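This report walks through a handful of local features, taking backbone geometry and helix packing in turn. Please keep the sequence and the structure in view while reading.

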Amino acid sequence: MHILILGGTTEARALAGLLHGEVRVTSSLAGRVASPRLPGGEVRIGGFGGVDGLVDWIGGHAVDAVIDATHPFAERISFHAARAAAIAHVPLLALRRPGWVPVAGDDWHPVDSLAEAAGALDGLGDRVFLTTGRMGLAAFADRPEWFLVRSVDAPEAPVPGRAEILLDRGPFTLDGERELLARHRIDVLVTKDSGGAATAPKLTAAREAGLPVIVVRRPPVPEGVPTATTPEEAAAWVLR
């Protein structure tokens, strides 16, 4: 059996580790990170060239099933995967980590896009911790606030005019996030609803500090695709 994992996430790496040695596994990474953490099994890096390219790859490599374990905000590949799997007549499973849920004490401001997030900064503070990744920073380029921008790789222009770039990769600790907010005198946090535990401590630290948090909601996903919420569930689906 040959399983294609559309990955790049922590859950995708864990799933590849669970399946490696049981079935043939190929993990496909988008190539947006310069030095990605590689999963077990075979790895390919780069796009497929749209739906048709993905269909051709599935057929040409005798793929028996596809698992979409991409980042919650990589919406295009999820729709491509749903269409390609239907055309190629192979099963598709979506491995989607649960989103974050506000708890008592949180001051969340949900928005639907990075552009809305930039507009929502009005009146919330002058020092912003921006943790939305290196893509899409143009939405904040004209803002007057000071930004601490954290990403795995250095972002490309345009970026906010007043910004400090912090290159770091999760998982992050609660003590580390507390210290970061205090050291940079952060007033407001901006993040995407990526879910998962690796970057969640910033939300706890913001809650403890009484900071407002602008949260970009997840984009829509294809309907009718079976879903697992953990690598273990997805591995069980494959081995069944």
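This is a predicted model: local features need pLDDT of at least 70, side-chain atom pairs count only at pLDDT 80 or more; totals for chains, interfaces and linings use all residues.

Ala-62 sits in the loop that runs between α2 (50-60) and β4, and its phi is positive, at about 50°, although Ala-62 is not a glycine. Most residues other than glycine have a negative phi.

Where is Arg-185 found? Arg-185 belongs to the loop between α5 and β10 (188-192), and there its phi is near 50°, again a positive value in a residue other than glycine. With a relative accessible area of 54%, Arg-185 is exposed.

Most peptide bonds are trans. Ala-157 is placed in the loop between β8 and β9, and the place of Pro-158 is likewise in the loop between β8 (146-151) and β9. Ala-157 is exposed, having a relative accessible area of 74%. Computed along the sequence, Ala-157 and Leu-137 are 20 residues apart, while in space their C-alpha atoms are 8.0 Å apart.

A cis peptide bond also joins Gly-170 and Pro-171, where omega is about 10°. Pro-171 is found in the loop between β9 and α5 (174-183).

Strand β9 (residues 163-167) includes Ala-163, a residue that is partly exposed, with a relative accessible area of 33%. Once neighbours within four places in sequence are left aside, Ala-163 is in contact with Phe-147 and Val-149. From C-alpha to C-alpha, Ala-163 and Arg-44 are 34 Å apart in space, and in sequence they are 119 residues apart.

The remaining topic is how two helices pack. Helix α1 (residues 10-19) and helix α7 (residues 231-239) meet at an angle of about 40°, and their axes are 9 Å apart. Angles under 35 degrees would count as roughly parallel and those from 65 to 115 as roughly perpendicular, and α1 and α7 are therefore oblique to each other. The crossing of α1 and α7 is right-handed. On the α1 side, the contact is made by Glu-11, Ala-14, Leu-15, Leu-18 and Leu-19, and on the α7 side by Pro-231, Glu-232, Ala-234, Ala-235, Val-238 and Leu-239. Sorted by class, the residues in the contact of α1 with α7 are 9 nonpolar and 2 charged, with no polar residue.

Which residues of α7 are buried? They are Pro-231, Ala-234, Ala-235 and Val-238. Seen down the axis of α7, these buried residues fall within an arc of 100°, so they line one face of the helix. What covers the buried residues of α7 includes α1, together with the strands β1 (2-6), β4 (65-68), β5 (92-95) and β12 (227-228).

How values were computed
Residues are numbered from 1 along each chain as its sequence is written. Side-chain values use heavy atoms; hydrogens and water are left out. Axes are lines fitted to C-alpha atoms, for helices over the stretch in contact, and angles run from 0 to 180 degrees between N-to-C directions. Helices (H or I, at least four residues) and strands (E, at least two) are DSSP runs, numbered from the N terminus. Angles under 35 degrees count as roughly parallel, over 145 as roughly antiparallel, 65 to 115 as roughly perpendicular and the rest as oblique. A crossing is left-handed if the near helix is turned anticlockwise from the far one by less than a right angle, and right-handed if clockwise. Contact means heavy atoms within 4.5 Å. Ala, Val, Leu, Ile, Met, Phe, Trp, Tyr, Cys and Pro count as nonpolar, Asp, Glu, Lys and Arg as charged, and the others, Gly among them, as polar. Buried means under 20% relative accessible area, exposed over 50%, partly exposed in between (1.4 Å probe, protein chains only). The arc is that of the directions from the helix axis to the C-beta atoms.
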